[in-house]
Amino acid sequence: MAMDRLENIEPHMPTLVEMQQWTQVIGRAQQLMLEQAAGATGGHLPFDPATVSRIQSSFANEGLALWQRFLDAGGMLRDAPAPAPEDSPAARKDRRFADPAWTSHPFYDLIRQSYLLTSDYLLRMADAVDGLDPKQKAKLRFATGGFVDAMAPSNFALTNPTVVEKTLQSGGENLVKGLQHMLADLEKGQLSHTDGTAFEVGRNIAATPGKVVKETPLYQLIHYEPTTDKVLETPLLIFPPWINRFYILDLSPEKSFVQWAVDQGLSVFLVSWKSADASMKDLGWDDYILRGQVDAIDTVRDLLGVRNVHTIGYCVAGTTLAATLALLAARGQAEKVASATFFTAQVDFSKAGDLCLFVDDEQLKLVEQLSTGGYLDGRYMAATFNLLRGRDLIWNYVVNNYLLGQDYPPFDLLYWNGDTTNLPARWHRDYLTQLYRDNLLVQPGALSIDGTPIDLRKIETPAYVQAGREDHIAPLESVWKMMEHLSGPTRFLLAGSGHIAGVINPPAAGKYQYWSCAEPQPTLDDFIAAATETKGSWWPDWIEWIRGHGEKNVAVRGGRKPGRGKLKAVEDAPGSYVRTR
C-alpha cells in the first residue's frame, strides 16, 4: 500500500506563503469567472449579492473547520484530521481519491479536502451567475468544471500518493515510461486510450465475414455472409455515423451487433463511409442523403428485388436518416423504407447538451481554421468528445499512462474510439450551424434536399427510437424529442449506460438493463413513470419489433449471397474505406 512508503516521508507543515498561494489561486479563478460573466452581460456583474455572500461564508466556514480539524490532529503528525461532516463537500466520495493514503495521511487528506471544498465553491459561484443567456451560463459552468477537473491534485505527481509510491518503488521508471507514452502521443497528435497493436481491422475487430458489393466516392456498401439457411425477406441496411469508423457495430465477435443480427436471420448490409480528403471538400447535406443513404437504399432494393428495407441510423446518421425519410415522404416514395431504427439520434437540438457549447462564432471560426484542405482532421473532433468527459477520457489517462507509466489495456471499444475519420469541412460546418445552432431540421420547410423542402411531420414510417440513460453526447431529453416530430407508429426504449455501451450491449454479456412501455406515452415524464425495467440487453426486444413488421422468410440464394447477384464482390469486408485516413 502507498502508506507503507509514505510513512517514511517527512511531511512538512504548509507555510503561510503556501497557504497564501492557494488563496491567490482561488482568487484568480474567481476573478476570471467574474470577468467572463461581466463580458457576457456588457459589464454588469449579474450575481445576487445575498447568494454570493452565502456561498462565500459557507466556503470560509468550511475552510476554517477543515483547518481546525487539521490542527486538532496535530498538524502534519501521523494522525489524519477528523473526517469532515457528511454534509460537507469535503466528505464527498470521489474515485480519484480511492487510495487509502488520501484519507489516512495528514498531508494528502488536507490536500484532498481542500480541493473538494474549493472545487465545490467555484462550481457554486458559476451556478450563482444570474441574468446570463442560458448558453453563456452553460459555457461558464462547463469551463469551470473543466478547470476544477484539470486542477485536481490527483493529476500531479507530487500531490498524488499513488504516483509518489510508484516512483519510490520503481526508482522513477514509471515517470520515464510515462514520458515515452506522452512523447508518442505528441508525435501522433492524439491521446492514446488503449494498446493499438492488440487489434487488426479484419482479423479480430470488424471481422464479420462479408463482401464489399459497391463502391462510390462517398461510401462502400458491405453485404454480410448469411449464417442461416433462410432469412427475413426484408433486408436490414445500417447507416453508422461518419464521425467514426463503422465497426463500432462490428467490434470483437462476441460484441458485434452485425454478427448478432446476421445470426438472427437477417440479410445485413452496412454503409462504410469514406474518411474525407481534399476531393470531398464540397460535399454537403444533399450528398450524404441523396448520394449516400437514398442511393444505398435503392441499391439494396434493386439487388434483392424487394419493395423496401429496414434501416438503422446511429447518432448523426440517424439525424440524416430522419431527413431521408422526410425526403422520401415528400416525393411519394415512403414505401422504400419498411422501418427506421434510431440509435441515440437527435433531430431537435434544443436540448442537445454540452455539444451546443461548441457552435458559437468563435468555435466555428476555429473549425474553419482547422479545416485546411477542405476537411477537418478527425483528431480534433475526438478531442472535443474527450472534453465532454474530461475527467474520464483525459485526466484518468494522464494519471495512469503518463504519471504511473502503466501499460495500455487492450480494449476494442477504446481502439475504435481512437480510430478517427476526417470530416468534409462544408458539411461539418452546415451540420453545426443549421442543426446544432439554428435547429432548422424541426422547422417545416426550413431545409431542402435537392430542391425539395422537407417536413419531419410527414414521416409515417414505423420507428424504433433508442436512447441511453447516461448519454452525454445525445442526452435522453434530446433523443426523446424525436417522438414529438414523427407521425407514424413509434416505440421508445431507454437503455442503461450511455452513447456507446448503451447501444453495444450483446445479450450474452448479461449487462445493464432497459426500460420500455407497452403503450406509447405522451411525454418523457410519463414514459419514465410508466416504464417497466428489464434486465440485460435490449437487442432481443428490437428483433421482435423487426419481426413484427413482416416475418416472411426466403431461401438464401442468388443475390442473398454476397457477390452472387447483380453486384459482384469488389473486395472482402471490411473493405478499404475503413482503413483510409
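## Report on a predicted model

About 60 Å³ of space lies in the second largest cavity of this predicted model. A cavity is a set of points, on a 1 Å grid over the protein atoms alone, where a 1.4 Å probe fits but cannot get out. Its volume is the space filled by probe spheres set on the points, with grid points joined across faces, edges and corners. Over the whole structure, a search finds 4 cavities of 30 Å³ or more.

Residues are numbered from 1 along each chain as its sequence is written. Because the model is predicted, local features need pLDDT of at least 70 and side-chain atom pairs count only at pLDDT 80 or more, while totals for chains, interfaces and linings use all residues; side-chain values use heavy atoms, with hydrogens and water left out.

The lining of the second largest cavity consists of Ile55, Ser58, Phe59, Glu62, Pro89, Leu117, Asp120, Tyr121 and Arg124. Lining residues have an atom within 4 Å of a point. By class, 5 of them are nonpolar, 1 is polar and 3 are charged. Here Ala, Val, Leu, Ile, Met, Phe, Trp, Tyr, Cys and Pro count as nonpolar, Asp, Glu, Lys and Arg as charged, and the others, Gly among them, as polar. Helix H3 (49–72) and helix H5 (106–128) each supply at least two residues of this lining. Helices (H or I, at least four residues) and strands (E, at least two) are DSSP runs, numbered from the N terminus.

Helix H5 also packs against helix H6 (residues 134–150). The table sets this pair beside another packed pair. Axes are lines fitted to C-alpha atoms, for helices over the stretch in contact, and angles run from 0 to 180 degrees between N-to-C directions.

| Helix pair | Angle | Distance between axes |
|---|---|---|
| H5 and H6 | about 170 degrees | 9 Å |
| H8 and H14 | about 120 degrees | 7 Å |

H5 and H6 are therefore roughly antiparallel to each other, whereas H8 is oblique to H14. Angles under 35 degrees count as roughly parallel, over 145 as roughly antiparallel, 65 to 115 as roughly perpendicular and the rest as oblique. Contact means heavy atoms within 4.5 Å. Among the residues that make the contact of H5 with H6 are Tyr115 and Leu122 of H5 and Leu140 and Phe147 of H6. This contact divides into 7 nonpolar, 3 polar and 4 charged residues. Between H8 (residues 173–188) and H14 (residues 390–403), the contact includes Leu175 and Met182 of H8 and Tyr402 of H14. Its classes are 5 nonpolar, 4 polar and 1 charged.

The model also has an open sheet of 11 strands with mixed pairing, in the order E15-E14-E13-E12-E7-E6-E4-E5-E2-E1-E17. Two strands pair if DSSP finds at least two bridges between them. Strand E15 (532–535) and strand E17 (571–572) stand at the edges with a single partner strand each, so one side of each has no neighbour in the sheet. E15 pairs with strand E14 (residues 513–516) in the antiparallel sense over 4 bridges, and serine 516 stands opposite threonine 532 in E15. Helix H19 (residues 539–547) packs on the sheet, and its direction makes about 165 degrees with that of E7. Helix H11 (residues 316–330) lies across strands E4, E6 and E7, running at about 155 degrees to E7.

Some single residues remain. Proline 574 is found in the segment after E17, and the peptide bond from alanine 573 to proline 574 is cis, with omega near 10 degrees. Aspartate 450 lies in the loop between strands E10 and E11; its phi is near 50 degrees, a positive value in a residue other than glycine. Leucine 440 and aspartate 348 are 92 residues apart in sequence and 8.4 Å apart in space, C-alpha to C-alpha.

Technical notes
On a 1 Å grid over the protein atoms alone, a cavity is a set of points where a 1.4 Å probe fits but cannot get out, and a pocket is an open set with protein on both sides within 12 Å along at least five of seven lines; lining residues have an atom within 4 Å of a point.
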